[in-house]
Amino acid sequence: MSIDPTKLLHPPMPSYTFTIYNRDLFEKSKFKDYDSLFESRLARCQARADYLASILENGNAHESKRAREKVPKTTSTQFVNGEYVASFIIGTEQIKSLYGNKCIYNMKYADGTRTRGWIADDVITFVLDKNPVRILFGCGKDQMSGTPFSGSYSGIAGIGRRRMSGGYSLPTQFEADIMSMCLPGFYSGKESTISFHTTPFKKKTSAELLPNFKFPIFYFVNLYKVFINDKEIPLNPSLSTWNFGNDMTGGCIVDTGSTFTRFPQDFYIVFRDTFRKEVRDIPMVDVPPGSFDTCYKDDPSAQEPNFPVVKLYFGSEKPENLLLLAQQRVVVHFAGMYCLGFMAWNQAVAILGAAQLQGVGLTFDTSQDTLSFDLDACD
């Protein structure tokens, strides 16, 4: 049975903290079984990859204009971008749009999608300490070439990297150098939290956050080396380094809106082939399902098989810079098979996605330019 987002309670939370859930909790009743639900997740994953590719290749194009429009008095906003949902309330007796109800937005993205509506401002009130925080947001009137918001979800909350001038993500509007979250796992029915200005998580393993003036809202990290078990995956000549090129392309982005980690095509092929060689005594299927290319048959009568671990080093090959991924952070169970939960794409950038970060306490600290990982902090 799915959760009805309109009936979510709003428990007392400290300022700048929201409860988050895995999106599947809200959508599973729409599907006949888990596999069809998972196929929907795969489709969203591909759509997200296409969207990111359009930004990396072309940047965002937009156009805006001002006009007098009437603004709704209240709106309930829920964080739904990607795979996670958080419920919070925006609204008071009166929402004031910028320039006296004269400003609307009309944004066209490079992939052809478009959204129009009002630019408005109002407050989020945090129940525990009655602290109101005023933010700007768009009241969407018309979404074109995309999926319109349903009764389940009524908005998207941006959590891109804080910018000191311009930008409307929550970290920017909250003036928060610190953002922390723990992503509930795909199979988890538990809630977790996303917080700003503070973190409850230990900083056991850290990566460096690398500013990129060409893509300032992304969280780039200093990925250094990748291993499967103890086998290092060499960088192909076309990559040569995880660092940025002279045009600020390349590198590795942490993106919680992407379901699976993606590597550039040539690196992924070596990564996948090494993984296959490291798997022992588990038969690989000839025709993998969906967009996967490496899957192994599940034997329900046997114990869950052990798969190779993936080691990600950031900056240097030291324990304090190691993110160790095992089992459900390496493979996913789908259609009676275990499939490698990494994918290829035709970009020079690597994407570290939510499947690999599920259950990990993440602390983004842009004042110190660090991203810390606290393994198994939730779930």
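**The sheet and its aromatic surroundings**

Modeller: The protein chain has six helices and 25 strands. Helices (H or I, at least four residues) and strands (E, at least two) are DSSP runs, numbered from the N terminus. This is a predicted model, in which local features need pLDDT of at least 70, side-chain atom pairs count only at pLDDT 80 or more, and totals for chains, interfaces and linings use all residues. Residues are numbered from 1 along each chain as its sequence is written, and side-chain values use heavy atoms, with hydrogens and water left out.

First, the setting. Of the 379 residues in the protein chain, 52% count as buried. Buried means under 20% relative accessible area, exposed over 50%, and partly exposed in between (1.4 Å probe, protein chains only). Take contacts in the protein chain between residues at least 6 apart in sequence: 69% of them join residues at least 24 apart. Contact means heavy atoms within 4.5 Å.

Three strands make an open sheet, in the order 17-21-20, with antiparallel pairing. Two strands pair if DSSP finds at least two bridges between them. Strand 17 (295–297) and strand 20 (331–334) are the edge strands, and each pairs on one side only. From one strand to the next, the twist averages 25°. Strand 17 and strand 21 (residues 337–340) run antiparallel and are joined by three bridges. Lys 297 has Met 337 as its bridge partner in strand 21.

Helix 5 (residues 265–278) packs on this sheet and touches strand 17, strand 20 and strand 21. The helix direction makes about 140° with that of strand 21. Axes are lines fitted to C-alpha atoms, for helices over the stretch in contact, and angles run from 0 to 180 degrees between N-to-C directions.

Next, the aromatics. Rings of Phe, Tyr and Trp (its six-membered ring) pair if their centres lie within 6.5 Å; planes under 30 degrees apart count as stacked, over 60 as edge-to-face and the rest as tilted. By this rule there are 23 aromatic pairs. Tyr 34 and Phe 38 form a tilted pair, 5.9 Å centre to centre with 45° between the planes. These two are four residues apart in helix 2 (residues 34–58), so about one helical turn separates them. Tyr 34 is partly exposed at 28% relative accessible area, whereas Phe 38 is buried at 0%.

Phe 271 and Phe 342 form another tilted pair, 4.9 Å centre to centre with 50° between the planes. Phe 271 lies in helix 5 and Phe 342 in strand 22 (residues 342–345), so this pair ties together parts 71 residues apart in sequence. Phe 271 is buried, with a relative accessible area of 0%. Phe 342 is buried too, at 1%.

Tyr 34, Phe 38, Phe 260, Phe 292 and Phe 334 form one aromatic cluster. Leaving aside residues up to four places away in sequence, Phe 292 touches Phe 38, Leu 42, Phe 260, Val 332, Phe 334, Cys 339, Leu 340 and Met 343.

Finally, the core. A nonpolar core is a set of buried Ala, Val, Leu, Ile, Met, Phe, Trp, Tyr and Cys residues joined through side-chain atoms within 4.5 Å. The largest one has 77 residues. Phe 174, Phe 196, Phe 260, Phe 271 and Phe 292 have the most contacts inside it. A second, separate core of 13 residues includes Leu 52, Leu 210, Phe 215 and Phe 220.
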